Amino acid sequence: MKEVIEEIAKDIDGKLSEKKGIVSVEATIAERKAFLSKKRLTYAFKVKVDDEARTIKFSEMLKEAGSGFTSGG
């Protein structure tokens, strides 16, 4: 199962990490740059595989972050 997750991370150019049996993948989906600002849309998911109980726990998240100056118009 871990090999499949590694393949997915490679396909979406994601950063793969593992901690306490939970595999996490994070990838930047879109990025917008303007005059003095920058916004980034990031997709992240976590997977925990329990082979003994034959279960998979999966969660995913889309996160938008920005930096720089913006106008409040």
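**Starting from a loop**

Modeller: Let's begin at Arg-54, in the loop between strands E3 and E4 (helices, H or I with at least four residues, and strands, E with at least two, are DSSP runs numbered from the N terminus). This is a predicted model, in which local features need pLDDT of at least 70, side-chain atom pairs count only at pLDDT 80 or more, and totals for chains, interfaces and linings use all residues. Residues are numbered from 1 along each chain as its sequence is written, and side-chain values use heavy atoms, leaving out hydrogens and water.

Although Arg-54 is not a glycine, its phi is positive, at about 55 degrees. Its relative accessible area is 77%, so Arg-54 is exposed (over 50%; buried means under 20% and partly exposed lies in between, with a 1.4 Å probe and protein chains only). You can find another positive phi at Lys-20, again in a residue other than glycine and near 55 degrees. That residue sits in the loop between strand E1 (15-19) and E2, and Lys-20 is exposed because its relative accessibility is 77%.

Searching the whole structure gives two aromatic pairs (Phe, Tyr or six-membered Trp rings with centres within 6.5 Å; planes under 30 degrees apart are stacked, over 60 edge-to-face, the rest tilted). One of them joins Tyr-43 and Phe-45 in a tilted arrangement, 5.9 Å centre to centre with 45 degrees between the planes. Phe-45 also pairs with Phe-58, again tilted, with 5.8 Å between the centres and 40 degrees between the planes. Because Phe-45 belongs to strand E3 (residues 37-50) and Phe-58 to strand E4, this pair ties together parts that are 13 residues apart in sequence. Taken together, ring pairs link Tyr-43, Phe-45 and Phe-58 into a cluster.

Is Phe-45 buried or exposed? Its relative accessibility is 7%, so Phe-45 counts as buried.

What does Phe-45 touch, leaving aside its neighbours within four places in sequence? It is in contact (heavy atoms within 4.5 Å) with Ile-5, Ile-8, Val-23, Ser-24, Val-25, Phe-58, Ser-59 and Glu-60. Among these, Ser-24 is worth a visit. Ser-24 has its place in strand E2, and it counts as buried because its relative accessibility is 18%. With neighbours within four places again set aside, the contacts of Ser-24 are Lys-15, Leu-16, Ser-17, Phe-45 and Lys-46.

One last stop is a charged pair. A search of the whole structure finds one salt bridge (a side-chain nitrogen of Lys or Arg within 4 Å of a carboxyl oxygen of Asp or Glu). There, the side chains of Glu-31 and Arg-40 meet at 2.9 Å, N to O. Glu-31 has 41% relative accessibility, so it counts as partly exposed; Arg-40, at 32%, is partly exposed as well.
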